[in-house]
Amino acid sequence: MTMIHSAINSKFKEAEQIYGMPSFFVRAIVLFPFIVVIVSCLLIIIPQTRSASFWIILSENGPVELTTFVLLVLGGIRGLVLVRLMMRCGEGRFVYGFFALFSIGLLIVGMEEVSWSQTFFGFETPSLIRNINEQEEVTLHNIYFLQGHSECFRLTYGLGGIVGILLCSLRYYPKLGVPMILLPWFLIFVVLAGIDLYNDYYVIHEQFDFLIHMLSEIVEMLIAISGFLYMLLNARAHNSE
């Protein structure tokens, strides 16, 4: 246990130096997804707070949806600023190209979250899209063959993050590597998305299935935050070089 504790502290110290952040913020980043998931579970499970949890987590333009949208857009913008900085510093095309694609991906997913601003302005869905969209919205992820399979994307994102951390720890593509302090985030994404995928074929329990469905919205918000943190931390590491 002493060796494990020492190794963890060593990683914390390393993160503090690389990203120029106080110990409190590094530890807060590591613990944040656990706190959010636990609090969300309590809100959903406790009868007195259940109705409030529906509004917080599921409502259109509610706290979770808007937080997801804002952090995805901010992450995309921050990433594009980082790309510009990398290009000025003579970074390789492969590196800034990856960040450019990831940033654009964040912006696209962010706009998908609010149906490309349809939830704000309430404009009509064009008939061409409405005819192939399960929810008759201006979205790509609700097109017939994609509808109901968002857990696959969450699982892929989680696994991709873990691979990125391994590449960074093995000194492969260090410029693209995912910060080690985000490992708990990606483990949570993989576990919850994996359970959600399993539930699509084998329902464990009806109430448990509903809990996982609610948590999937929380995971999407955490994914948005992790994308923003990935850009922010890499920008700080880049500036510290």
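A salt bridge is a side-chain nitrogen of Lys or Arg within 4 Å of a carboxyl oxygen of Asp or Glu. By that rule, a search of the whole structure finds 2 salt bridges. The model is predicted: local features need pLDDT of at least 70 and side-chain atom pairs count only at pLDDT 80 or more, while totals for chains, interfaces and linings use all residues. Residues are numbered from 1 along each chain as its sequence is written, and side-chain values use heavy atoms, with hydrogens and water left out.

**View 1. Arg154, Asp196 and Glu220 are linked in a network of salt bridges.** Side chains of opposite charge can pair when their charged atoms come close. Here, arginine 154 and aspartate 196 meet at 2.5 Å, N to O. This pair joins distant parts of the chain, with aspartate 196 in helix H9 and arginine 154 in helix H8, 42 residues apart. (Helices are DSSP runs of H or I with at least four residues, and strands are runs of E with at least two, numbered from the N terminus.) Arginine 154 also forms a salt bridge with glutamate 220, where the closest N and O atoms are 3.6 Å apart. Glutamate 220 belongs to helix H10, and 66 residues separate this pair. Arginine 154 counts as buried because its relative accessibility is 5%; buried means under 20% relative accessible area, exposed over 50%, and partly exposed in between, using a 1.4 Å probe and protein chains only. Aspartate 196 is buried too.

**View 2. The largest nonpolar core holds 51 residues.** Such a core is a set of buried Ala, Val, Leu, Ile, Met, Phe, Trp, Tyr and Cys residues joined through side-chain atoms within 4.5 Å. Look for Phe99, Ile181, Leu182, Trp185, Phe189 and Leu222, which touch the most other members. Among the elements that give two or more residues to this core are helix H1 (2–19), helix H5 (93–113) and helix H10 (206–240). The largest share, 17 residues, comes from H10. Now zoom in on leucine 182: leaving aside neighbours within four places in sequence, leucine 182 is in contact (heavy atoms within 4.5 Å) with Ile29, Ile165, Ser226, Leu229, Tyr230 and Leu233.

View 3. Rings of Phe, Tyr and Trp (its six-membered ring) pair if their centres lie within 6.5 Å; planes under 30 degrees apart count as stacked, over 60 as edge-to-face and the rest as tilted. Phenylalanine 24 and phenylalanine 25 have ring centres 5.5 Å apart and planes at 75°, so this pair is edge-to-face. Phenylalanine 24 is exposed at 63% relative accessibility, whereas phenylalanine 25 is partly exposed at 45%. Phenylalanine 102 and tyrosine 230 are also edge-to-face, with 5.3 Å from centre to centre and 70° between the planes. Their pair links helix H5 to helix H10 across 128 residues. Tyrosine 230 is buried at 5% relative accessibility, while phenylalanine 102 is partly exposed at 21%. Phe98, Phe99, Phe102 and Tyr230 form one aromatic cluster.

**View 4. A nonpolar surface patch covers about 620 Å².** Patches are made of residues with over 30% relative accessible area and no salt bridge, joining like charges within 9 Å and nonpolar side chains (Val, Leu, Ile, Met, Phe, Trp, Tyr) within 5 Å. Accessible areas come from the Shrake-Rupley method with a 1.4 Å probe; for residues, only the protein chains shown count as cover. Leu31, Phe34, Ile35, Ile38, Val39, Leu42 and Ile46 make this patch. One of them, valine 39, lies in helix H2 and is partly exposed, with a relative accessible area of 42%.
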